[in-house]
Amino acid sequence: MNSRPRTTQLKTAALTLTVLLTGAAVAQTFSPDTEKSRIESSQLAAKFGPIPKAAAGVQIGGVMKALSNEYWQLLRSGYLKGADKYGVKVDAQAPSNESDQIGQLSMMNTMIGKGYKALLVSPQSDVNLLPGIERAGKTSLVINVNDAVAPTAQHFVGNIQYDNGVSVGNYMLKTFPKGGQVAVIEGQAGVYAAKQRTLGFKTTLAKNPALKIVASVPADWDRQKAFSTARDLLRRYPDLTAFYCNNDTMALGVVEAVKSAGRLGKTLVFGTDGINAAYDSIKKGELTGTVDSFPILTGEVAVEVAVRLMGGQKLPKVIATPQALVMKGNMAQYEQFKK
């Protein structure tokens, strides 16, 4: 019996475990939200000058979370728009759902095998792509783009997740000074973006003890789970003031629950991402607002950062992209970013 395949498997498993543990340790000290080496994406041209011309035929890989979520479709559009703008080719792919962590890693490994000069990765969790990043780092530039944080990637491009929750929290403080009952619908447990968005919201709301968070429950970025969770919460707290949701997909599920409970216009619902479906819902007077992180623009910026780095520019580890709380009254000024 040949023991070499078994030995190889054990070595691979041991290496993967080491990478994951190392990444977890690094994650305890790295946070894009608080990173000192950080600039706004709008400052790139002023601080680093023109974008270098990309070498002919340069290909970049984009590994996203799932195209079933409109946010990632829009990010992909941004990648392709950036590719046309900066003269590179982008192969942007994603698994069929946001919980296929093994499939996402396999997709990344395939791209590494194709020899792409840079990889733009949006992990499904803070650790699932770490083995791929370890492997890719020997031959390719790796840029972590929004949402979950891969601490061993050389750079991070995305919005400040903590501020996302702060913006909704500040609106609540101004709108409900006498207080009320509020529920949080979180994303996937343990994912950086979900943790930071929720933390920013809770910390801000704590400034007014009369605004009480009666529940904070994960719904795994899933619309149906968010609907079921919100329906149950509305039965327990029939006078609920508002929901804050970690993404728009879940927020739209919550809107359906609010409508079913006859609370439309009485229980406010806020989402996150700024997908087109959220804008449509706001226009209808259903979803109250969304913290738009401008995914098309984020995709463009990620490609720009990759081209600058491949051209030899030394950029900070974190490049922060913009976000804004969008509601019916200010929507018109942000719709230009939807194209």
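Axes here are lines fitted to C-alpha atoms, for helices over the stretch in contact, and angles run from 0 to 180 degrees between N-to-C directions. Helices (H or I, at least four residues) and strands (E, at least two) are DSSP runs, numbered from the N terminus.

This is a predicted model, in which local features need pLDDT of at least 70, side-chain atom pairs count only at pLDDT 80 or more, and totals for chains, interfaces and linings use all residues. Residues are numbered from 1 along each chain as its sequence is written, and side-chain values use heavy atoms, with hydrogens and water left out.

Start with the whole chain. It holds 11 helices and 13 strands. Its radius of gyration, taken over C-alpha atoms, is 21 Å. Along its principal axes, the C-alpha trace spans about 65 × 55 × 35 Å.

Now look inside. Of the 339 residues, 55% count as buried, meaning under 20% relative accessible area with a 1.4 Å probe, protein chains only. Contact means heavy atoms within 4.5 Å. Among contacts between residues at least 6 apart in sequence, 75% join residues at least 24 apart.

Finally, turn to one helix pair. The axes of α9 (residues 248–260) and α10 (residues 276–283) come within 9 Å and cross at roughly 35°. From α9, Asp248, Leu252 and Val255 make the contact; from α10, Ala277, Ala278 and Ser281 do.

Notes: Rg over C-alpha atoms; globule rule 2.2 N^0.38 Å. Buried < 20%, exposed > 50% of the residue type's maximum accessible area, 1.4 Å probe, protein only.
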